[in-house]
Amino acid sequence: MKPAEGVQLIVEKDVSGFEPQQEKEVGCAARVAEPFITFRDGWVAYYNQPVFLAGMGLAFLYMTVLGFDCITTGYAYTQGLSGSVLSLLMGASAVTGIMGTVAFTWLRRKCGLIRTGLISGVAQFSCLILCAISVFMPGSPMDLTVSPFADISARLFKSEPLPTIASPGGQPEMALATGMPNVLNGSTTPAHSGPEMSPEPVPLISVSLLFAGVIAARVGLWSFDLTVTQLLQENVVESERGIINGVQNSMNYLLDLLHFIMVILAPNPEAFGLLVLISVSFVAMGHIMYFRFAQKSLGKQLFACCTPDPKAVSDSSLPGNTSTV
């Protein structure tokens, strides 16, 4: 019976040795601090990448009102453009965007990936100069004497009731504030009396230059976007690629959010010209960051007009390049 007891003691000892350890309970403070620690670690990893300045340059391009979104189309309606004209302009913008993707492949084959981003940035900024010029051309509603903050305070805090008119039944009815005729009681009398004045036509020089610059800049914009995205894919370690792309997307959305906040602070058409100048400034800062990245990467070979090896996928002179061909 002794061997059996010995076996039983060994088994009991082995079983007791593999008892699952109790997990340490995570405190409330640690749970609260965990997202901030993750945010810090992601930013540190993003900052230490050799393509940090290129990624920041791309993020700065999102701080702009110079695109075919609701803001620019709303401004176009205030300038007298119709929906059909805007549709044609959007179609032209899509065509120039496709041209940008074609230009990216051709420029990369001829000049290399980093030089492609530099050329694309110069092309985009050169086209956006037309948008900056349009602010000072005839037809531009820019007027810095009109305070957008006064308009916001008037709309938020000074709520005046709409004027009322008497209906046939004796009950008051709301009159439309847009000058539309009162058709509720069968009358065609306008809600606002006074001599009818036809609005003067707005000169289209300013808005034409604005949309010409926006449409032409799409070639450089799409090519630059593809360049930075390719740089992030090729020059980031595979184990950190998801973290870096996540931080990059966060920066893009943050700058996009800031441009909407900027429009909320200055919603009137008189301030749109100022928003255009701020947008062009942010685009310029983004391309300056990319130029600094290209200068650190290529050095004196940045402006060299040489054709790279067609078999090379990316510039071998990029520091920290871990991609395999």
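A cavity is a set of grid points where a 1.4 Å probe fits but cannot get out. In this predicted model, the structure holds 1 cavity of 30 Å³ or more, and helix H10 gives the most to the lining of the largest cavity, with 3 residues.

**The largest cavity**

- Rolling a probe the size of a water molecule over the atoms shows where empty space is left.
- The volume of the largest cavity is about 60 Å³.
- Its lining consists of Tyr75, Ser134, Val135, Ser140, Pro141, Met142, Ser206, Leu210, Phe272, Gly273 and Val276.
- By class, the lining of the largest cavity comprises 7 nonpolar and 4 polar residues, with no charged residue.

**The largest pocket**

- The largest pocket contains about 400 Å³ of space.
- There are 20 residues lining this pocket, and those closest to its centre are Leu61, Thr64, Leu66, Arg218 and Leu221.
- At least two residues of the pocket lining come from each of helix H6 (113-134), helix H8 (205-234) and H9.
- Among the contributors, H8 gives the most to the lining of the largest pocket, with 6 residues.
- The lining of the largest pocket is made up of 12 nonpolar, 4 polar and 4 charged residues.

**The packing of helices H3 and H9**

- Two packed helices are described by the angle between their axes and the distance between the axes.
- For helix H3 (residues 52-60) and helix H9 (residues 241-265), the angle is about 30° and the axes lie 8 Å apart.
- Angles under 35 degrees count as roughly parallel, and H3 and H9 are therefore roughly parallel to each other.
- H3 and H9 form a right-handed crossing.
- On the H3 side, the contact is made by Gly55, Met56, Leu58, Ala59 and Phe60, while H9 contributes Gln248, Met251, Asn252 and Leu255.
- Sorted by class, the residues of the contact of H3 with H9 include 6 nonpolar and 3 polar residues, and no charged ones.

**Elements to locate in the structure**

Notes
Residues are numbered from 1 along each chain as its sequence is written. This is a predicted model: local features need pLDDT of at least 70, side-chain atom pairs count only at pLDDT 80 or more; totals for chains, interfaces and linings use all residues. Side-chain values use heavy atoms; hydrogens and water are left out. Axes are lines fitted to C-alpha atoms, for helices over the stretch in contact, and angles run from 0 to 180 degrees between N-to-C directions. Helices (H or I, at least four residues) and strands (E, at least two) are DSSP runs, numbered from the N terminus. Angles under 35 degrees count as roughly parallel, over 145 as roughly antiparallel, 65 to 115 as roughly perpendicular and the rest as oblique. A crossing is left-handed if the near helix is turned anticlockwise from the far one by less than a right angle, and right-handed if clockwise. Contact means heavy atoms within 4.5 Å. Ala, Val, Leu, Ile, Met, Phe, Trp, Tyr, Cys and Pro count as nonpolar, Asp, Glu, Lys and Arg as charged, and the others, Gly among them, as polar. On a 1 Å grid over the protein atoms alone, a cavity is a set of points where a 1.4 Å probe fits but cannot get out, and a pocket is an open set with protein on both sides within 12 Å along at least five of seven lines; lining residues have an atom within 4 Å of a point. Grid points are joined across faces, edges and corners, and a volume is the space filled by probe spheres set on the points.
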